[in-house]
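Hi,

Here is the structure I said I would pass on.

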Amino acid sequence: MRNVGKEKITAVVLILLTVVLLGMGCSSKPPAQWGKVLKYGNGGSLFYTSDVTEEEARRLRDYLLKIKTFQDEPPIVQLARKGDVYQVRMVADKEVIEKELPPEVMGPVEAAGQLAEDISEEVFNGAKVEWHLCDDKLKTLRIGSY
């Protein structure tokens, strides 16, 4: 990671974890278009579409586990690729995403952008990454990108 301290990464992870926990409302049976699935850790699911490889999905999963992004709740994450841009989708709470925050407080979209930057550097060799905060059908609500 670029010169980002462990405290900042922890803050980013905590912000996104709050958004995820409040947005956990996915149906118990995901649609086929979400892609193939890798299960991990605490029951989490990382889906990946046909435009990414299982190896790319495994690298993302391993990184998310390494930074302890998802310790308590089993999240739903999807990895896709559109052209040269990796897209990471995660279910989030719409109200939390749209809540106005003071300028000095990092919000979920900014946190998603920071995590996208870290994933770009640590997982995908500097490739462009977008972190999509989504509803329970994985429809994009907001994007944090790098």
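A word on naming before anything else: helices (H or I, at least four residues) and strands (E, at least two) are DSSP runs, numbered from the N terminus. Residues are numbered from 1 along each chain as its sequence is written, and side-chain values use heavy atoms, with hydrogens and water left out. Keep in mind that this is a predicted model, where local features need pLDDT of at least 70 and side-chain atom pairs count only at pLDDT 80 or more, while totals for chains, interfaces and linings use all residues.

On confidence: pLDDT is the predictor's confidence in each residue, from 0 to 100. The average for the protein is 79, and 73% of the residues score at least 70. The stretch to watch is residues 17-27, where pLDDT stays under 50. The model has 26 contacts beyond four places in sequence for that stretch, a contact being heavy atoms within 4.5 Å. Where pLDDT is low, the predicted coordinates should not be read in detail.

Now the strands. Two of them pair if DSSP finds at least two bridges between them. E2 (residues 44-48) and E3 (residues 76-82) run parallel, joined by 4 bridges, and Tyr-48 stands opposite Leu-79 of E3. On to E4 (residues 85-91): E3 pairs with this strand in the antiparallel sense, over 6 bridges, and Ala-80 has Gln-87 in E4 as its bridge partner. E3 and E4 make a hairpin with 2 residues between them, and Gly-83 in the turn has a positive phi of about 65 degrees.

How enclosed is strand E3 by the rest of the structure? Largely, because 5 of its 7 residues are buried, where buried means under 20% relative accessible area, exposed over 50% and partly exposed in between (1.4 Å probe, protein chains only).

A second hairpin is built from E5 and E6, with 5 residues between them. Strands E5 and E6 (residues 140-145) pair in the antiparallel sense over 5 bridges, and Glu-130 stands opposite Ser-145 in E6. In the turn, Leu-138 has a positive phi of about 65 degrees.

Ser-45 sits in E2 and is buried, with a relative accessible area of 4%. What does its side chain make a polar contact with? The side chain of Lys-39, at 2.9 Å. (A polar contact is a pair of N or O atoms within 3.5 Å; within protein, one must be able to donate a hydrogen and the other to accept it, and residues adjacent in sequence count only if both atoms are side-chain atoms.) Beyond four places in sequence, Ser-45 also touches residues including Val-37, Tyr-40 and Ile-76.

The other is Gln-78, in E3, buried at a relative accessible area of 5%. A polar atom of its side chain lies 3.1 Å from the backbone oxygen of Trp-34. Outside its sequence neighbours within four places, Gln-78 is in contact with Trp-34, Phe-47 and Leu-138, among others. Its C-alpha atom is 6.6 Å from that of Met-90, 12 residues apart along the chain.

Next, the rings. Those of Phe, Tyr and Trp (its six-membered ring) pair if their centres lie within 6.5 Å; planes under 30 degrees apart count as stacked, over 60 as edge-to-face and the rest as tilted. The count comes to 2 aromatic pairs. Trp-34 and Phe-47 are edge-to-face, 5.4 Å centre to centre with 80 degrees between the planes. Trp-34 lies in the loop between helix H1 (6-23) and strand E1 (36-40) and Phe-47 in E2, so this pair ties together parts 13 residues apart in sequence. Tyr-86 and Phe-124 are stacked, because their ring centres are 3.8 Å apart and their planes at 10 degrees. Tyr-86 is buried, with a relative accessible area of 4%, and Phe-124 counts as buried at 4% relative accessibility.

Finally, the cores. A nonpolar core is a set of buried Ala, Val, Leu, Ile, Met, Phe, Trp, Tyr and Cys residues joined through side-chain atoms within 4.5 Å. The largest has 28 residues, and Leu-46, Leu-79 and Phe-124 are among those with the most contacts inside it. H4 supplies the largest share of this core, 5 residues. Apart from it lies another core of 6 residues, including Phe-47, Ile-76, Cys-134 and Leu-138.

Cheers
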